[in-house]
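Here is a short report for a reader meeting this structure for the first time. Look at the sequence and the fold, then read on.

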Amino acid sequence: MITVEHLTKYYGDFMAVDDLSFEIDEGHVYGFLGPNGAGKSTTMNIMTGCLSATEGVVKINGYDIFEEPENAKRLIGYLPEQPPLYMNETPEEYLKFVGEAKGLKGKELKCQVEEVIEQTKIGNVKKRLISNLSKGYKQRVGIAQALLGSPKVIILDEPTVGLDPIQIIEIRDLIKQLGEKHTVILSSHILSEVQAICEKVLIIAKGKLVAFDEPENLEKLLMASNAISFKAEATKEEAEEILSTIEEVQEWTCDEAEDGLVRIEIKGYEIDSRELCRKISLAFAKGEKVILEMTSHKANLEDVFIELTEDNGDTAETGEMEEAEETEETEETEETEETENAGEVTNGEEDSEE
Ligand code: ADP
Ligand code: MG
């Protein structure tokens with residue numbers, strides 16, 4: 001569906017996109033995941049024909065975005081990071097305008113405008129000024145304009161940024177629905193977000209593609225960076241003998257510390273940290289050794305970026321990735337399935353608020 005080959009973009013001397021190559025197949029939801037400044041928006045702007053590339057090729061269903069832009073662009077609906085909304089229009093007027101610009105006319109135009117209004121659930125605000133809509137509704141109008149012309153591919157740049165938790169859930173649900181009919185590519189700097197929505201994830205850091213995998217596998221990658229450390233009242237030999245009885249523990253470092261203690265660090269295990277802490281405690285108790293100061297370090301996306309980009313002989317500049325945000329988001333993700341009807345409830349609230 002989409003082929004990107006050796007894409008490179010310089011802004012002056014600065015290389016924002018560095019030799020990116022990947023393929024996007026039809027009918028899936030893809031996520032571009034990367035810290036701020038990774039090059040996600042630049043890549044999307046090039047893929048949608050809004051920005052020129054320094055080097056490389058982008059083909060949409062065989063059409064070169066630079067050489068046959070009209071044919072290629074017809075296949076894409078794009079919601080840029082800053083949605084191009086006209087604040088003094090109503091969603092209905094704005095969508096008609098965009099539809100006309102995309103070459104729709106008459107009955108076809110009317111039908112499609114109605115259809116995207118229905119799809120994005122903005123019927124109740126279609127006659128209000130866009131400037132008076134909440135951020136969540138503005139984002140829906142932005143998605144609605146991307147859907148006009150029934151493009152095969154929908155590209156959404158950070159579609160949930162700046163939304164409140166309920167709006168985030170609603171937009172995620174909407175994106176999942178779009179994924180049933182379209183190929184969707186979205187960008188995000190939040191791991192749990194792409195885990196919640198995407199079937200395939202491309203991790204981009206410093207303009208480079210550092211991983212392209214399914215979310216489950218990225219989760220494994222994260223787990224591989226988890227670590228547990230503790231001190232035990234034992235000799236090195238005694239501690240190592242106990243460690244070797246725990247099946248899940250393969251890799252450790254063990255050093256003699258002060259006062260007859262050993263300091264142990266365990267990495268690269270593939271089970272839940274708490275579960276492993278429990279196994280370690282029980283094993284040491286069975287060997288009649290006391291454990292002191294046990295802590296577990298749960299890896300976050302930042303650690304994975306550092307690990308992945310270190311392989312490129314580089315250190316990651318992780319921008320504004322925040323662990324707090326990650327944790328918060330994860331909890332929310334688990335609720336997503338149960339809040340299918342949240343949309344209707346909040347629509348009502350938004351309505352009275354505006
Ligand atoms: P992301 O969307 O992943 O946050 P961007 O594609 O917006 O990243 O930006 C990638 C890098 O390119 C950043 O370091 C950014 O500062 C730089 N950049 C983006 N747009 C421009 C521009 N118009 N001129 C110069 N530098 C830019
Ligand atoms: Mg961006």
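E293 lies in strand β14. Helices (H or I, at least four residues) and strands (E, at least two) are DSSP runs, numbered from the N terminus. E293 is not a glycine, yet its phi is positive, about 50 degrees. E293 is also exposed, with a relative accessible area of 59%. Buried means under 20% relative accessible area, exposed over 50%, and partly exposed in between (1.4 Å probe, protein chains only).

E288 sits in the loop between α10 (273-286) and β14 (291-297). E288 has a positive phi of about 55 degrees and is not a glycine either. Its relative accessible area is 70%, so E288 counts as exposed. Most residues other than glycine have a negative phi.

## About the model

This is a predicted model: local features need pLDDT of at least 70, side-chain atom pairs count only at pLDDT 80 or more, and totals for chains, interfaces and linings use all residues. Residues are numbered from 1 along each chain as its sequence is written, chains are lettered from A and ligands numbered from 1 in the order in which they are written, and side-chain values use heavy atoms, with hydrogens and water left out.

## The enclosed strand β3

Five of the five residues of strand β3 (residues 29-33) are buried, so the strand is largely enclosed by the rest of the structure. V29, G31 and L33 point one way from β3. Y30 and F32 point the other way. In a regular strand the side chains alternate between the two faces of the sheet.

β3 runs parallel to strand β8 (residues 183-188), joined by five bridges. Two strands pair if DSSP finds at least two bridges between them. G31 has L186 as its bridge partner in β8. β3 also runs parallel to strand β9 (residues 200-205), here with four bridges. Y30 stands opposite K200 in β9.

## An open antiparallel sheet

Four strands form an open sheet in the order β2-β1-β4-β5, with antiparallel pairing. β2 (14-24) and β5 (63-64) stand at the edges. Each has a single partner strand, so one side of each is left without a neighbour in the sheet. Strand β1 (residues 2-11) pairs with strand β4 (residues 55-60) over five bridges. T3 stands opposite K59 in β4.

S41 is buried, at 17% relative accessible area. E81 is partly exposed, at 43%.

## Helix α5

α5 has 13 residues and reaches 19 Å from its first C-alpha to its last. That is close to the 18 Å expected at 1.5 Å a residue, where the expected span is 1.5 Å times one less than the number of residues. α5 is mostly covered, with 11 of its 13 residues buried. Among them are Y137, R140, I143 and L147. G149 follows α5 and has a positive phi, near 90 degrees.
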